[in-house]
Amino acid sequence: KLSGDRHKIETSARYMQTLTVAVVIGVVIVVVAGRRRLTRRRAASPRLVRKAAFLARAGSSYGYAASAAGHIDSWRSRELPVLVRPAEAQRCADGEQGIVYLDHAGAALPLASQLRAVAEDCTTRPLGNPHSAGPAAGAASAELDRARSLVLAHFCGSHAPDWEVIWTAGATASLRLVAEHFQFCGRSALLMPSACHTSVLGMRGPASGRGATCRCADRPGDLLRLAAQATEAAEAEAAEAEVEPAAGSEAAAGAGAEAEAR
């Protein structure tokens, strides 16, 4: 009786093993077939074709591939969940929505990790008015100084001590500050691309009011050529201004010597 029971148990075990292997093989086949269908569907997607063509034109510098975070397609869905998913992602689920944001020149969207870091920082220590006094003000002032140092190090490197960072509300306030305080004169030239921020165009008023020449160009090469021409003209005018006083001084010295001889 024990021998018969053992035989039944072994038979059942072999059956279960065979059934398990068959199920695993079936699941693998289904997954592979599904991936192949998805790959073919993606390859035929007009959106993917257009994206591939764009990436070919943009080159390897597009998408922050060399950054520590990696290419933008690997983290955009996680960091910017309110936007539509990358072209390689699967179709949005029913009811899922997203937008295509095209106003990064006006205001860039904050990343989810940035918002979490700011929220955590603000809930773990007090940050007050940096222009006031006290522990909260001191912490905020220290953070501003640290941010200023990081900006200078990034843009100026070893020349950071020669520059200063001024915090403003945005690009419009920054451009207005430059336009109103830059020492434009008759030898100055304000050059800008034709397609630029509207506040850049607004700089023409203060510049031309002080005698500066304002020029626009459609292509970067034309802008560089105009800049070279403006530099040469300013240098030539400055050289002439230095020669004229020198010539006047020599004439005055000659007249004085003649008067003494008389």
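Biologist: What counts as a helix or a strand here?
Modeller: Both are DSSP runs: helices are H or I with at least four residues, strands are E with at least two, and numbering starts at the N terminus. By that rule, the protein chain has 9 helices and 2 strands. Their order from the N terminus is α-α-α-α-α-α-β-α-α-β-α.

Biologist: What should I know about the model first?
Modeller: This is a predicted model, in which local features need pLDDT of at least 70, side-chain atom pairs count only at pLDDT 80 or more, and totals for chains, interfaces and linings use all residues. Residues are numbered from 1 along each chain as its sequence is written, and side-chain values use heavy atoms, with hydrogens and water left out.

Biologist: How many residues does the protein chain have, and what percentage count as buried?
Modeller: Start with the cut-offs. Buried means under 20% relative accessible area, exposed means over 50%, and partly exposed lies in between (1.4 Å probe, protein chains only). Of the 262 residues in the protein chain, 13% count as buried.

Biologist: How do I read a pocket?
Modeller: Picture a 1 Å grid over the protein atoms alone. A pocket is an open set of points where a 1.4 Å probe fits, with protein on both sides within 12 Å along at least five of seven lines; lining residues have an atom within 4 Å of a point. Grid points are joined across faces, edges and corners, and the volume is the space filled by probe spheres set on the points. Here, the largest pocket holds about 710 Å³ of space.

Biologist: Which residues lie nearest the centre of the largest pocket?
Modeller: Y62, I72, D73, R76 and L83 do, out of 25 lining residues. Helix α2 (residues 46–58) gives the largest share of the lining, 4 residues.

Biologist: How does the lining of the largest pocket divide by class?
Modeller: Ala, Val, Leu, Ile, Met, Phe, Trp, Tyr, Cys and Pro count as nonpolar; Asp, Glu, Lys and Arg as charged; the others, Gly among them, as polar. The lining has 16 nonpolar, 3 polar and 6 charged residues.

Biologist: What is a salt bridge?
Modeller: Side chains of opposite charge can pair when their charged atoms come close. The cut-off is a side-chain nitrogen of Lys or Arg within 4 Å of a carboxyl oxygen of Asp or Glu. This structure holds 8 salt bridges. In one of them, D121 pairs with R125, with the closest N and O atoms 2.8 Å apart. D121 is partly exposed at 25%, and R125 is partly exposed at 29%.

Biologist: Where in the chain do R148 and E164 lie?
Modeller: R148 forms a salt bridge with E164, with 3.5 Å between the closest N and O atoms. This pair links distant parts of the chain: R148 is in helix α5 (residues 135–156), and E164 is in the loop between α5 and α6 (171–181), 16 residues apart. E164 is exposed, at 58% relative accessible area.

Biologist: What about the phi of Y64?
Modeller: Most residues other than glycine have a negative phi. Y64 is not a glycine, yet its phi is positive, about 60°. Y64 sits in the loop between α2 and α3 (76–79). Its relative accessibility is 55%, so Y64 counts as exposed.
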